[in-house]
Amino acid sequence: VLLPFGELLPLVCADSELFVYNPLRVVDALDGERSKVVRFSSGRVMDIRQYVLRSEAIRGVHAFKIPEMTRGSLLVSSAVVEAVKNADLRGTEFERVWADDAGSCQ
């Protein structure tokens, strides 16, 4: 589910087999007028308190970042959340930040 949108990079660890996911997809999906966005005085985005995403921009995309927050959290679809739960992976937390009729992002 994740590989079409980024890469898994191995971490060197003697005790466990660990990987980090590096997202490569940046999608201009944030509806800036309907979202609750906190900005610096320069106009740059400091925080997003409530996400409203454009469904058509993320249809079929399961892992992405948005241009306003490329150093922020990774957004993933509910399909990714289900895949992680089904694989019993540890060390990952999800928080629902947006949902519509087509799906949700965590």
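The model being predicted, local features need a pLDDT of at least 70 and side-chain atom pairs count only at pLDDT 80 or more, while totals for chains, interfaces and linings use all residues. Numbering starts from 1 along each chain as its sequence is written, and side-chain values use heavy atoms, with hydrogens and water left out.

Starting with the overall layout, the protein has 2 helices and 8 strands; these are DSSP runs numbered from the N terminus, with helices being H or I over at least four residues and strands being E over at least two. Read from the N terminus, the order is β-β-β-β-α-β-β-α-β-β. Of the 106 residues, 30% are buried, where buried is under 20% relative accessible area, exposed is over 50% and partly exposed is in between (1.4 Å probe, protein chains only). As for contacts (heavy atoms within 4.5 Å), take those between residues at least 6 apart in sequence: 40% of them join residues at least 24 apart.

Strands count as paired if DSSP finds at least two bridges between them. β1 (residues 6-11) runs antiparallel to β2 over 6 bridges, with Gly 6 bridged to Pro 23 in β2, and 6 residues sit between the two strands of this hairpin. β3 (residues 36-39) and β4 (residues 45-50) are likewise antiparallel, over 4 bridges. Here Arg 39 has Val 45 of β4 as its bridge partner. The β3-β4 hairpin leaves 5 residues between its strands, and Gly 43 in the turn shows a positive phi of about 100°.

Next comes the core. A nonpolar core is a set of buried Ala, Val, Leu, Ile, Met, Phe, Trp, Tyr and Cys residues joined through side-chain atoms within 4.5 Å. The largest one has 22 residues, and those touching the most other members are Ile 48, Tyr 51, Leu 53, Ile 58, Phe 64 and Ile 66. At least two core residues come from each of β4, β5 (63-64), β6 (75-76) and α2 (78-86), with α2 giving the largest share, 3 residues.

The largest pocket comes out at about 970 Å³. On a 1 Å grid over the protein atoms alone, a pocket is an open set of points where a 1.4 Å probe fits, with protein on both sides within 12 Å along at least five of seven lines; lining residues have an atom within 4 Å of a point. Of its 32 lining residues, Tyr 21, Leu 74, Val 84, Thr 92 and Phe 94 are the closest to the centre. The largest share of the lining, 4 residues, belongs to β2. By type, the lining splits into 21 nonpolar, 5 polar and 6 charged residues.

Finally, two loop residues. Arg 54 lies in the loop between β4 and α1 (55-58) and is partly exposed at 28% relative accessible area. Leaving aside residues up to four places away in sequence, Arg 54 touches Asp 28, Ala 29, Leu 30 and Asp 31. Asp 88 counts as exposed, at 53% relative accessibility.

Key:
Grid points are joined across faces, edges and corners, and a volume is the space filled by probe spheres set on the points. Ala, Val, Leu, Ile, Met, Phe, Trp, Tyr, Cys and Pro count as nonpolar, Asp, Glu, Lys and Arg as charged, and the others, Gly among them, as polar.
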